[in-house]
Amino acid sequence: MKIMNQIEYAVTGRYALFSDPLTRMGGEKCSYMVPTYQALKGITESIYWKPSILWVVDEVRIINPIRTESRNIRPISYNEPKNTLSIYNYLVDVSYQVRAHFIINENRRKDLEQDFNEYKHHNIARRMVEKGGRRDIFLGTRECQGYVEPCAFGSGEGFYDNYGELSLGVMFHGFDYADETGEGVLATRFWNAKMSDGIIRFPAPWNIPEEMKQPVHSVQVKQFKKILGNFSGLDEASLQQELAGMKEEV
């Protein structure tokens, strides 16, 4: 279903690791079978992001069959200044189609209202999809490089197109950041995930029941200053001083 300010893209990679938090307690990582909402949101933000907008991931389509591969990794030890041996479980040869849209971040109306131009952001986002993103794309973790290109969601054949419904159990959904909620608390969200004919439709963060959320710790909302139409963080007097110094150097 097409909605306002929506983009569609395909993301592929040789490996992916969407960590199940339950497996990280012992220092090893095991990937979920499918990408989490937060991972896809991070990929979308790597394509294009501004603090005045919020990306909402609508759905993801699993194209390739789900396969895993275990690899021996030597991460830095938590206890001693040396490497240790761990086994990470990766997804192999992944391909996804993603549909996402953005909304205006109403929590930034006081400091970034002059950047509330949806037409501008949507056009830039679509151009960035065609360019493969503004920043490097990672599939869950730094060592798993991803590649983005434009696509029509639902196009082509997928391995799970006629698979029916598959329950994926309770999965990590994402984080509630103070900059996005307006509340001074960082919280985690979980949900009961399911895949239908290869497509996972995500509930919006604000539709997750409160009993499926867990506060982590208190945080402060970052403040931006409005100056001369830009967001450098300097007040006007400091900016004028910087400009004067640049003129003297010239």
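**Rings, charges and pockets**

Colleague: Over the ring of which residue does the charged end of Arg71 sit, 5.7 Å from its centre?
Modeller: A charge sits over a ring if NZ of Lys or CZ of Arg is within 6 Å of the ring centre and within 35 degrees of the ring normal. Arg71 lies over the face of Tyr15, at 4.8 Å from the ring centre. The ring with its centre 5.7 Å from the charged end of Arg71 is that of Tyr90.

Colleague: What pLDDT must local features have in this model?
Modeller: Residues are numbered from 1 along each chain as its sequence is written, and side-chain values use heavy atoms, with hydrogens and water left out. This is a predicted model, in which totals for chains, interfaces and linings use all residues, side-chain atom pairs count only at pLDDT 80 or more, and local features need a pLDDT of at least 70.

Colleague: What is the volume of the largest pocket?
Modeller: On a 1 Å grid over the protein atoms alone, a pocket is an open set of points with protein on both sides within 12 Å along at least five of seven lines, whereas in a cavity a 1.4 Å probe fits but cannot get out; lining residues have an atom within 4 Å of a point. Points are joined across faces, edges and corners, and a volume is the space filled by probe spheres set on them. For the largest pocket this gives about 700 Å³.

Colleague: Which element gives the largest share of the lining of the largest pocket?
Modeller: Of its 31 lining residues, the closest to the centre are Gln38, Gly42, Glu45, Phe175 and Tyr177. Helices (DSSP H or I, at least four residues) and strands (E, at least two) are numbered from the N terminus, and those that give two or more residues here are H1 (37-47), S2 (53-62), S7 (165-176) and H4 (178-181). The largest share, seven residues, comes from H1.

Colleague: How many charged residues are in the lining of the second largest pocket?
Modeller: This pocket has a volume of about 350 Å³, and among its 19 lining residues the closest to the centre are Asp176, Glu180, Thr181, Pro205 and Trp206. Asp, Glu, Lys and Arg count as charged, Ala, Val, Leu, Ile, Met, Phe, Trp, Tyr, Cys and Pro as nonpolar, and the others, Gly among them, as polar. The lining has eleven nonpolar residues and one polar, and the charged ones number seven.

Colleague: How many residues does S4 give to the lining of the largest cavity?
Modeller: The structure holds one cavity of 30 Å³ or more, and about 60 Å³ of space lies in the largest cavity. Its lining includes Met33, Ile62, Arg67 and Asp93. S4 gives the most, and its count is six.

Colleague: With which residue does Glu59 form a salt bridge?
Modeller: A salt bridge is a side-chain nitrogen of Lys or Arg within 4 Å of a carboxyl oxygen of Asp or Glu, and the count here comes to 14. The closest N and O atoms of the Glu59 bridge are 2.8 Å apart, and the partner is Arg99. Glu59 lies in S2 and its partner in S4 (residues 86-104), so the bridge ties together parts that are 40 residues apart in sequence.

Colleague: Is Asp115 buried or exposed?
Modeller: Asp115 forms a salt bridge with Lys120, the closest N and O atoms being 2.6 Å apart. Lys120 has 30% relative accessibility, so Lys120 counts as partly exposed. Asp115 has 5%, so Asp115 counts as buried.

Colleague: What kind of aromatic pair do Tyr37 and Phe202 form?
Modeller: Rings of Phe, Tyr and Trp (its six-membered ring) pair if their centres lie within 6.5 Å; planes under 30 degrees apart count as stacked, over 60 as edge-to-face and the rest as tilted. Tyr37 and Phe202 are both buried. Their centres are 5.6 Å apart with 75 degrees between the planes, and the pair is edge-to-face.

Colleague: Why is the pair of Trp191 and Phe202 put in its class, and what is that class?
Modeller: Both residues are buried. The ring centres are 5.5 Å apart and the planes stand at 50 degrees, so the pair is tilted.

Definitions and conventions. Buried means under 20% relative accessible area, exposed over 50%, partly exposed in between (1.4 Å probe, protein chains only).
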